Amino acid sequence: MEGPGRGIRGTAWTVILFLLLPLAVVLPVSLTDQPYLSLPLHTLSLQYYANLLHSADWQSSILQSLLVACVSAGIAVILGTLCAIGCWRMGDHWAKAIQALMLIPIVVPTIVYALGLYRFYAQLGLLDTLLGIILAHAVTAIPYVVVIVSTGLSGVDARLEQAARSLGAGPIVAMRRVLLPLLRPAMLSGGLFAFVHSWDELVIVLFIAGRRVFTLPRRMWDGINDKLDPTLAAVAVLLVILSAALLFLDLWLRARREQT
Amino acid sequence: MTAHVLEADRLCKRYGTVAALDDVSLRVGGGRFVTLLGPSGSGKTTLLMAIAGFVQPDSGSLTLDGAPIGHLAPEKRNFGMVFQGYALFPHLTVAENVAFPLQIRRVGKAETTERVKAALDLVQLGHLAFRMPKQLSGGQQQRVALARALVFRPNLLLLDEPLSALDKTLRLSMQDELRDLHGRVGLSFVFVTHDQGEALAMSDDVAIMRGGRLVQIGSPAELYERPANRFVAGFLGRSNFWQGRVAAQDAAGFTYMAGGHRLHQAGKPPGPAVLVSLRPEKLMVLEGAGGPANQVSGTIATASYGGDSWLVQLDVDGLGRMQAMLPTWRRTPPHMGEAIRIGWDADASVIIDDSEGDTA
């Protein structure tokens with residue numbers, strides 16, 4: 001018999017539906033005509049999308065989240081790429097140890113990490129500041145960049161750098177003109193992951209943000225706890241669309257890398 | 001173009017307990033083609049990398065035209081280098097690869113275009129300037145690497161086993177091309193290989209390395225005809241070896257006893273015991289009376305056909321198994337068990353040093 005059996009197919013589809021249905025529910029809820037989080041009763045309405053456009057709170061949260069995600073992704077890409085290149089050059093057991101160390105922010109439960117940050121930031125005066133959130137998100141995103149860029153580096157011939165040096169390029173120029181162009185797809189991919197990581201991060205924000213910093217996930221969290229405001233669902237739909245767009249961008253980048 | 005003189009003086013480099021370079025001195029200049037030849041792990045690549053600046057020797061000095069360069073970073077030495085596997089930049093076209101060293105040196109646009117074209121024409125690749133390296137064959141990539149290493153008019157060209165990735169036919173034609181290119185650019189080349197045939201065919205000088213030491217340096221003919229020791233004689237081509245004890249000495253040479261034979265040798269004996277080396281192609285098959293000074297008889301054990309000659313393994317009384325190269329036009333095919341007489345002139349064999357060359 002060809003392919004998997006009925007039972008296995010059925011299970012697979014059940015799992016896929018279980019993963020996707022919550023997303024599908026969000027769309028009709030965002031179009032509700034009711035004043036609270038529910039499925040539409042009489043008619044479809046775009047009022048909560050309009051609300052999103054006119055609400056200063058939601059807009060400020062979107063802007064804050066964009067700013068935090070972009071800057072923290074930028075920092076993570078720079079530091080993560082440098083770390084990956086350094087480990088690649090060393091290429092010994094120390095490099096392996098450092099790479100393992102870099103994975104700690106992924107391995108340690110976020111809530112434990114957030115608790116530590118809370119104590120630490122209190123002393124540094126970084127609580128409830130954009131800078132504090134940006135730094136926290138950058139540090140926790142570095143592992144994604146290190147892993148992705150290291151994978152990209154594994155396909156790079158170490159002699160390319162020597163060749164550039166022998167042709168007259170100093171170490172910095174050799175990196176800028178040879179290594180970085182070859183790593184650009186991996187860095188972009190790492191940057192996308194870092195962006196998404198920050199974009200929907202809630203736990204750390206709940207611990208270290210107070211009145212001033214209100215990122216989008218935090219605004220949504222508040223919305224669902226206090227008011228059951230359907231604007232929440234409208235935001236969720238936009239988030240799903242953005243995440244899907246980023247995912248496809250990443251897939252497209254990978255496909256292009258394999259072609260060249 | 002003036003040919004620069006590179007001198008390596010007493011270079012040493014250790015990795016842990018292994019001596020990769022052990023007191024190596026070498027002089028390269030006068031536009032010569034110098035080959036570093038040795039088995040893997042002999043230190044030939046380490047020596048090349050030390051010259052290029054990628055390996056820092058523990059001691060010893062490197063000078064170019066008398067000025068020390070040991071402290072200079074690789075990019076400051078102005079040596080062209082062709083790497084094993086070519087190391088072409090995969091994200092740049094052929095022309096951009098060749099233009100790279102000129103852009104680094106801030107050569108003007110018009111001059112860059114002109115020099116890139118000239119360099120690509122030098123290796124007959126002008127028509128492929130806008131291809132990506134991946135779209136080229138191994139031989140073509142090789143030539144791009146050469147053009148890129150020559151376009152900035154380096155002081156010296158270093159080549160690290162550049163032909164090892166090519167198939168045999170292509171390798172032979174690239175050998176000719178490389179020789180030809182060497183003649184045209186007037187630069188000294190330092191070429192690393194583990195292939196003896198390649199070294200003999202291409203070089204002005206061959207430096208034989210073993211265990212981090214430079215065993216012998218000389219022209220291919222010198223090394224082949226007058227190997228300094230057993231290692232060189234065995235490493236470059238085939239050789240027969242036997243021991244003897246000196247019996248008598250006269251103006252023309254000396255006689256020695258080996259395996260019950262009284263044999264003649266030109267030259268002076270280095271001591272009472274000698275090690276004799278004889279190339280298989282210098283053994284003659286004797287028919288009729290007369291002939292060379294040394295004559296022995298033996299039985300053919302095996303014979304393999306090689307087109308221009310038979311390689312024959314002989315069992316010789318007292319001297320053991322010997323190899324002989326018999327021209328195919330001279331003889332009816334040799335067959336197993338056939339008894340033949342062979343001989344060689346007193347100056348056909350050489351006395352060599354009975355060492356492997358890896359100890360001082």
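Buried area, as I use it here, is the accessible area (1.4 Å probe) that two parts lose on being put together, summed over both. I am working on a predicted model, where local features need pLDDT of at least 70, side-chain atom pairs count only at pLDDT 80 or more, and totals for chains, interfaces and linings use all residues. Residues are numbered from 1 along each chain as its sequence is written, chains are lettered from A and ligands numbered from 1 in the order in which they are written, and side-chain values use heavy atoms, with hydrogens and water left out.

**Entry 1: the interface**

I began with the two chains together. Chain B and chain A bury about 1,800 Å² between them, and 65% of that lies on carbon and sulfur atoms. On the chain B side, E75(B), H91(B) and F100(B) lose the most area to chain A, together 30% of what that side buries. I then listed the residues in contact (heavy atoms within 4.5 Å). Chain B brings 23 residues to the contact and chain A brings 18.

Next I looked for charge pairing, taking a salt bridge as a side-chain nitrogen of Lys or Arg within 4 Å of a carboxyl oxygen of Asp or Glu. I found 1 salt bridge between chain B and chain A. Its partners are R165(A) and E75(B), with the closest N and O atoms 2.6 Å apart. E75(B) had already turned up among the residues of chain B that lose the most area to chain A.

For polar contacts I took pairs of N or O atoms within 3.5 Å; within protein, one must be able to donate a hydrogen and the other to accept it, and residues adjacent in sequence count only if both atoms are side-chain atoms. The interface of chain B and chain A has 5 residue pairs in polar contact, both residues at pLDDT 80 or more.

Which elements of chain B each supply at least two residues of the side that touches chain A? I noted strand 6 (79-82), helix 2 (94-104) and helix 4 (138-150). Helix 2 of chain B gives the most, with 4 residues. Helices (H or I, at least four residues) and strands (E, at least two) are DSSP runs, numbered from the N terminus. By class, the side of chain B that touches chain A has 16 nonpolar, 3 polar and 4 charged residues. Here Ala, Val, Leu, Ile, Met, Phe, Trp, Tyr, Cys and Pro count as nonpolar, Asp, Glu, Lys and Arg as charged, and the others, Gly among them, as polar.

**Entry 2: chain A by itself**

I counted 12 helices and 0 strands in chain A. Its C-alpha atoms fill a box of roughly 75 × 65 × 30 Å, taken along the principal axes.

**Entry 3: two sheets in chain B**

I called two strands paired if DSSP finds at least two bridges between them. In chain B, 5 strands form an open sheet in the order 13-12-11-14-20, with antiparallel pairing. Strand 13 (261-266) and strand 20 (350-352) of chain B stand at the edges with a single partner strand each, so one side of each is left without a neighbour in the sheet. Strand 11 (residues 240-249) and strand 12 (residues 253-258) of chain B pair over 4 bridges, and A248(B) stands opposite T255(B) in strand 12.

Another open sheet of 5 strands in chain B has the order 15-19-16-17-18, again with antiparallel pairing.

- Strand 17 (residues 309-316) and strand 18 of chain B are joined by 8 bridges, with S309(B) opposite P327(B).
- Strand 15 and strand 19 (residues 339-344) of chain B share 3 bridges, and L286(B) faces R341(B) in strand 19.
- Strand 16 (residues 294-305) and strand 19 of chain B have 6 bridges; T299(B) has A339(B) as its bridge partner.

**Entry 4: N78(B)**

My last stop was N78(B), in the loop between strand 5 (67-68) and strand 6 of chain B. Not counting residues up to four places away in sequence, N78(B) touches R105(B), F152(B), R153(B), P154(B), N155(B) and L156(B). The side chains of N78(B) and R105(B) are joined by a polar contact of 2.9 Å.
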